[in-house]
Amino acid sequence: MPRRERPSILLIGHGAVAAEVRAAALSTGLFDVGAVLVRHEKLGAVQAELNGYRVIDSLADLDFQPLLAAECASHTAVRQYGPALLRQGIDMVVASIGALSDEGLHRELEAAAMEGGAKLILPAGAVPGIDALNAATLGGLTRVSYISRKPPAAWKGTPAETILDLDALKDAATFYTGTARAAARDYPKNANVAATVALAGLGFDATEVRMIADPAVTTNIHEIEASGAFGDMHLTIKGKPLKSNPKTSSLAAYSTIRAILNRVRVTEI
Ligand SMILES: NC(=O)c1ccc[n+]([C@@H]2O[C@H](COP(=O)([O-])OP(=O)(O)OC[C@H]3O[C@@H](n4cnc5c(N)ncnc54)[C@H](O)[C@@H]3O)[C@@H](O)[C@H]2O)c1
């Protein structure tokens with residue numbers, strides 16, 4: 001019987017999530033990182049840092065057919081590399097799911113995937129229940145709501161600053177209530193979870209989003225409420241961030257790795 005060869009992936013990015021993917025390749029021994037794709041201006045520095053890895057700055061330098069590409073970089077990277085990879089028949093795991101709030105880009109990626117016979121793979125990221133929420137669409141969903149509660153300082157650098165005095169806040173304050181589409185547009189740095197919930201459930205225009213600055217909390221808390229023919233669901237997660245990037249939940253990295261492992265393990269769960 002032929003032995004299964006250890007597959008190689010293309011890793012896009014070299015930040016916090018990408019480091020976890022490289023570590024998982026070594027610790028599980030189930031896949032290799034065949035190449036790391038970085039921005040041109042970072043090429044030399046990353047080559048020096050990632051000794052032993054093939055580091056490239058263009059898809060033209062990809063000299064093997066990867067099992068898949070794991071995007072762990074940015075919305076720009078999804079736009080920059082996604083269509084070409086999918087058109088070449090290379091499946092793509094996307095961590096920067098907020099990029100798909102741009103309907104035009106989502107359509108372009110889907111068209112490229114159809115053309116190449118490839119798949120766009122969207123891991124659950126930082127939140128639980130995405131599998132259940134998506135399954136529930138089959139029976140019909142009547143309401144999906146996502147609440148993002150963070151310490152006031154976590155909302156600095158967003159339009160929340162113009163609505164609230166974040167430094168003086170004594171009690172929890174809701175500063176945004178609206179659709180997932182407007183939330184992703186106005187708060188792009190916080191768009192990943194809203195986009196994931198929207199794509200799994202009722203879509204960007206029918207998913208309600210609430211954003212709260214709460215001085216009583218120290219971590220980022222995500223809540224998902226959904227109702228439909230399946231019943232009712234209310235999930236809360238207080239995720240711990242990665243040490244290497246306090247803005248990224250550790251679960252976001254683990255769910256990207258899980259998506260890769262599901263492609264290489266015999267049992268998919
Ligand atoms: N789905 C979720 O729930 C979820 C949660 C957290 C983070 N994320 C997303 O995952 C991505 C990675 O997160 P991170 O914590 O590793 O970020 P990070 O800032 O630590 O690392 C990102 C890396 O990607 C590189 N990069 C950016 N644009 C690039 C491009 N066009 N081409 C090549 N490389 C590029 C950067 O140089 C950097 O090394 C981010 O986009 C983040 O928004 C998703």
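Residues are numbered from 1 along each chain as its sequence is written. In this predicted model, local features need pLDDT of at least 70, and totals for linings use all residues.

**Exercise 1.** Describe helix 3, from its span to its buried residues.

*Solution.* 
- Step 1, span. Helices are DSSP runs of H or I, at least four residues, and strands are runs of E, at least two, numbered from the N terminus.
- Step 2, bend. Tyr-81 marks a kink of about 40 degrees, shortly before Pro-83 (the angle between axes fitted to the seven residues ending there and the seven starting there).
- Step 3, burial. Both Tyr-81 and Pro-83 are buried (under 20% relative accessible area, 1.4 Å probe, protein chains only). Ala-77, Val-78, Gly-82, Leu-85 and Leu-86 are buried too.
- Gly-89, just after the helix, has a positive phi of about 85 degrees.

**Exercise 2.** Characterise the lining of the second largest pocket.

*Solution.* 
- A pocket is an open set of points on a 1 Å grid where a 1.4 Å probe fits, with protein on both sides within 12 Å along at least five of seven lines; lining residues have an atom within 4 Å of a point. Of the 26 lining residues, Leu-122, Pro-123, Ala-124, Ile-130 and Arg-258 are closest to the centre.
- Step 2, elements. Helix 9 (250-264) is among the contributors. Helix 9 gives the most, with 7 residues.

Technical notes. This is a predicted model: local features need pLDDT of at least 70, side-chain atom pairs count only at pLDDT 80 or more; totals for chains, interfaces and linings use all residues. Side-chain values use heavy atoms; hydrogens and water are left out. The expected span of a helix is 1.5 Å times one less than its number of residues. Buried means under 20% relative accessible area, exposed over 50%, partly exposed in between (1.4 Å probe, protein chains only). Ala, Val, Leu, Ile, Met, Phe, Trp, Tyr, Cys and Pro count as nonpolar, Asp, Glu, Lys and Arg as charged, and the others, Gly among them, as polar.
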